[in-house]
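Please look over the sequence and the model shown below before reading on. The report that follows takes the chain region by region.

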Amino acid sequence: MRVALAAAVRTLPRAAGLAYEPKFDGHRLVVVRSAADVTLQARSGRIVTSAFPDLAAAALRLPAGTVLDGEVVVWHGGRTDFALVQRRAAATPARAAVLAQSLPASYAAFDVLELAGLDVRGRPYERRRALLVDLLLPLGPPLQPVPMTTDPELAATWYETLPASGIEGLVVKRLDQTYPAGRRGWQKLRHTDVRDAAVVGYTGTPRRPLALVLVLPVGDETPLVSSPLTAALRREVAEAAAARGGGEPPATATATVTAIGLGEVPYRALDPPLTAEVRHTSARHPPPEVLRLRTDL
């Protein structure tokens with residue numbers, strides 16, 4: 001199931017016929033309710049049903065032939081916590097059952113793709129939204145539709161006030177739009193200078209990465225070296241690099257990149273690249289700060 005994607009924008013779009021939704025800070029998840037069972041699929045296509053047994057059990061209440069698109073989140077201390085979602089997603093089946101009790105997941109659905117076996121992706125978003133609300137409101141948590149407004153002033157208020165709850169921005173859709181599977185047909189407005197960057201390599205050793213080599217989605221695509229990684233990020237990068245062929249390369253494969261204050265430094269390439277969420281204020285100064293890896297892609 002190819003999911004719809006969103007293109008980043010720098011200002012809030014304001015026009016007639018637009019809908020605004022909060023952008024939840026979690027893992028993209030497609031819920032497929034067949035006649036026999038429930039399958040949970042990540043954005044990458046990976047099946048993650050065993051990691052979220054609580055959501056799978058809740059989705060059994062959906063009518064057979066239902067497919068939903070949305071975000072799985074974990075609430076903690078009155079806000080969504082991405083690190084806890086990562087923990088849930090990485091759990092073994094045995095551990096997942098325990099975490100489902102201590103860190104219950106919630107599903108913020110923002111689209112319905114199939115209903116009672118009927119593919120509704122070709123219908124306008126406004127109609128799909130109505131079908132989604134009618135479907136989920138009687139069921140209640142942990143399956144629930146995301147809030148939506150067509151009022152740009154209310155959307156602007158959400159954008160300014162909801163980050164305290166872990167909301168990372170807004171997603172904007174046209175009311176008359178069909179579901180843009182596999183395309184960046186939606187728009188997303190994220191807060192400040194946080195954005196996704198391609199991780200093309202790392203400095204240090206495979207067991208102890210020190211910093212990431214990044215290509216930012218703006219500028220001349222010249223690789224940059226991030227600020228030093230935290231201990232938790234070093235572990236994540238080491239695990240991800242091992243899975244993506246980022247181990248010790250032949251000497252001839254070692255590349256170099258210019259690091260602020262360090263000159264040319266060697267780094268180990270990652271192929272294919274990872275994706276990281278980073279914060280930066282300019283193309284060069286200071287070095288981008290890595291907030292987290294995006295393993296939900």
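## Terms and overall make-up

The model is a predicted one, and in it the chain has six helices and 17 strands.

Of the 297 residues in the chain, 49% are buried. The accessible surface comes to about 13,900 Å², and carbon and sulfur atoms hold 57% of that area. Among contacts with a separation of 6 or more, 68% are between residues 24 or more positions apart.

## The loop between α4 and β9

Gly-140 is found in the loop that links α4 (125-136) with β9 (143-145). Is Gly-140 buried or exposed? Its relative accessibility is 16%, and because buried means under 20% relative accessible area, Gly-140 counts as buried. The C-alpha atom of Gly-140 is separated by 9.7 Å from that of Ala-58, although the two residues are 82 residues apart along the chain.

Pro-142 also has its place in the loop between α4 and β9, and the peptide bond that leads from Pro-141 to Pro-142 is cis, with omega near 10 degrees. Pro-142 is also one of the residues in contact with Leu-55.

In soluble globular proteins, nonpolar side chains tend to be buried together. The largest nonpolar core in this model has 33 residues, and those with the most contacts inside it are Leu-40, Phe-52, Leu-55 and Leu-68. Two or more residues come from each of β3 (27-33), β4 (38-42), α1 (53-59), β5 (66-76), α2, α3 (93-102), β7 (105-115) and α4. A second, separate core has 18 residues, including Val-199, Leu-216, Leu-233 and Leu-274.

Which residues does Leu-55 contact, once its neighbours within four places in sequence are left aside? They are Leu-29, Leu-40, Val-72, Ala-105, Ser-106, Tyr-107, Pro-142 and Leu-143.

Helix α2 (residues 82-89) is largely enclosed by the rest of the structure, because six of its eight residues are buried. These buried residues are Phe-82, Leu-84, Val-85, Gln-86, Arg-88 and Ala-89.

In α3, the buried residues include Ala-96, Leu-99 and Ala-100. Seen down the axis of α3, its buried residues fall within an arc of 110 degrees, so they line one face of the helix. An α-helix has 3.6 residues a turn, so residues three or four places apart point the same way. The cover over the buried residues of α3 includes α1 and α2, whereas Ala-94, Gln-101 and Ser-102, on the other side of α3, are exposed.

## A four-stranded open sheet

Four strands form an open sheet in the order β1-β11-β10-β2, and their pairing is mixed. Because β1 (5-9) and β2 (18-22) stand at the edges, each with a single partner strand, one side of each is left without a neighbour in the sheet. From one strand to the next, the twist averages 35 degrees.

Strand β2 runs antiparallel to β10 (residues 169-174), and five bridges join the two; within this pairing, Ala-19 has Lys-173 of β10 as its bridge partner. Helix α5 (residues 152-161) lies across β2, β10 and β11 (184-190), and runs at about 20 degrees to β2.

## The β12-β13 hairpin

Strand β12 is joined to β13 by a hairpin through four residues, and six bridges link β12 to β13 (residues 209-215), the two strands running antiparallel. Thr-203 lies in β12 (residues 194-204) and stands opposite Ala-211 in β13.

With a relative accessible area of 11%, Thr-203 is buried. Not counting residues up to four places away in sequence, Thr-203 touches Arg-208, Pro-209, Leu-210, Ala-211, Val-213, Val-265, Pro-266 and Tyr-267.

## A positive phi at Ala-116

Ala-116 is placed in the loop between β7 and β8 (118-119). Although Ala-116 is not a glycine, it has a positive phi of about 55 degrees.

Notes:
Residues numbered from 1 in each chain as written. Predicted model: local features only at pLDDT ≥ 70, side-chain atom pairs only at ≥ 80, totals over all residues. Heavy atoms only, no water. Pairing = 2+ DSSP bridges. Axes fitted to C-alpha atoms, helices over the stretch in contact; angles between N-to-C directions. Contact = heavy atoms within 4.5 Å. Buried < 20%, exposed > 50% of the residue type's maximum accessible area, 1.4 Å probe, protein only. Areas by Shrake-Rupley, 256 points an atom, 1.4 Å probe, with all protein chains shown as cover. Core = buried A, V, L, I, M, F, W, Y, C linked by side-chain atoms within 4.5 Å. Arc of directions from axis to C-beta.
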